[in-house]
Amino acid sequence: ETGVTQTPRHLVMGMTNKKSLKCEQHLGHNAMYWYKQSAKKPLELMFVYNFKEQTENNSVPSRFSPECPNSSHLFLHLHTLQPEDSALYLCASSQDTGGGYGYTFGSGTRLTVV
Amino acid sequence: LAKTTQPISMDSYEGQEVNITCSHNNIATNDYITWYQQFPSQGPRFIIQGYKTKVTNEVASLFIPADRKSSTLSLPRVSLSDTAVYYCLVGEGAGGYQKVTFGTGTKLQVIP
């Protein structure tokens, strides 16, 4: 365990389904992130939250909807996804968004859209 | 944004020292250099971070020349379990980790 827990580890969903990914950290970090990693592609930053406020949306389609109720929890709500959205979705946290301490990543959720 | 360039892949035999160099020519004054390791279907794991000169921990060493335009991750006596993708990140600056971009990383294959 890295201190960042993601659930579920694996998810298969149809294009008309609605599902949510959950991320939880108790490291005392104030910044949380969602990343997408598709096969043979670099990690893509999706969203950044700092002290529960969204500070970055990297042109992510509206079928991905993040929620950060507090500094310890981060959700990614999914609806009407496409097969090309199949990927490893990674959550990370850091002390703050300043970058001086590094990220702690979770193990990810492997999402398959059928 | 400070962009990084790394070799796409490297092979090494077990027990050898491996050095992976990353170029970051437009690194900003307040940027840190951080290296991560990623195994398949797992999130990247922090290895080491530095600002200048040399940093060493129980896992690796990080060498940063005076101009900071490159850095070298050194893994002593690699084993098969070190087979992974290694990413070099540069960030802190304006927006810090909000602006950090992961590159394609270096895929290290350790050979028996």
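Me: Which cysteines of chain B form a disulfide, and how far apart are their sulfur atoms?
Reply: B:Cys22 and B:Cys88 form a disulfide, with their sulfur atoms 2.2 Å apart. A disulfide here is a pair of cysteine sulfur atoms within 2.5 Å. This is a predicted model, in which local features need pLDDT of at least 70 and side-chain atom pairs count only at pLDDT 80 or more, while totals for chains, interfaces and linings use all residues. Residues are numbered from 1 along each chain as its sequence is written, chains are lettered from A and ligands numbered from 1 in the order in which they are written, and side-chain values use heavy atoms, with hydrogens and water left out.

Me: What is the handedness of the link between B:Cys22 and B:Cys88?
Reply: The link of B:Cys22 and B:Cys88 is left-handed, with -80° about the S-S bond. It connects distant parts of the chain, 66 residues apart: B:Cys22 is in strand S2 (residues 18-23) of chain B and B:Cys88 in strand S8 (residues 84-91) of chain B. Strands are DSSP runs (E, at least two residues), numbered from the N terminus.

Me: Are B:Cys22 and B:Cys88 buried or exposed?
Reply: Both B:Cys22 and B:Cys88 are buried. Buried means under 20% relative accessible area, exposed over 50%, and partly exposed in between (1.4 Å probe, protein chains only).

Me: How many disulfides are there over all chains?
Reply: There are two. In chain A, A:Cys23 and A:Cys91 form a disulfide with sulfur atoms 1.9 Å apart. A:Cys23 lies in strand S3 (residues 18-25) of chain A and A:Cys91 in strand S9 (residues 87-94) of chain A, so the pair ties together parts that are 68 residues apart in sequence. This link is left-handed, with -70° about the S-S bond, and A:Cys23 and A:Cys91 are buried.

Me: How many bridges join S6 to S7 of chain B?
Reply: Three bridges join strand S6 (residues 61-64) to strand S7 (residues 70-75) of chain B, and the two run antiparallel. B:Phe63 has B:Thr72 in S7(B) as its bridge partner.

Key:
Helices (H or I, at least four residues) and strands (E, at least two) are DSSP runs, numbered from the N terminus. Two strands pair if DSSP finds at least two bridges between them.
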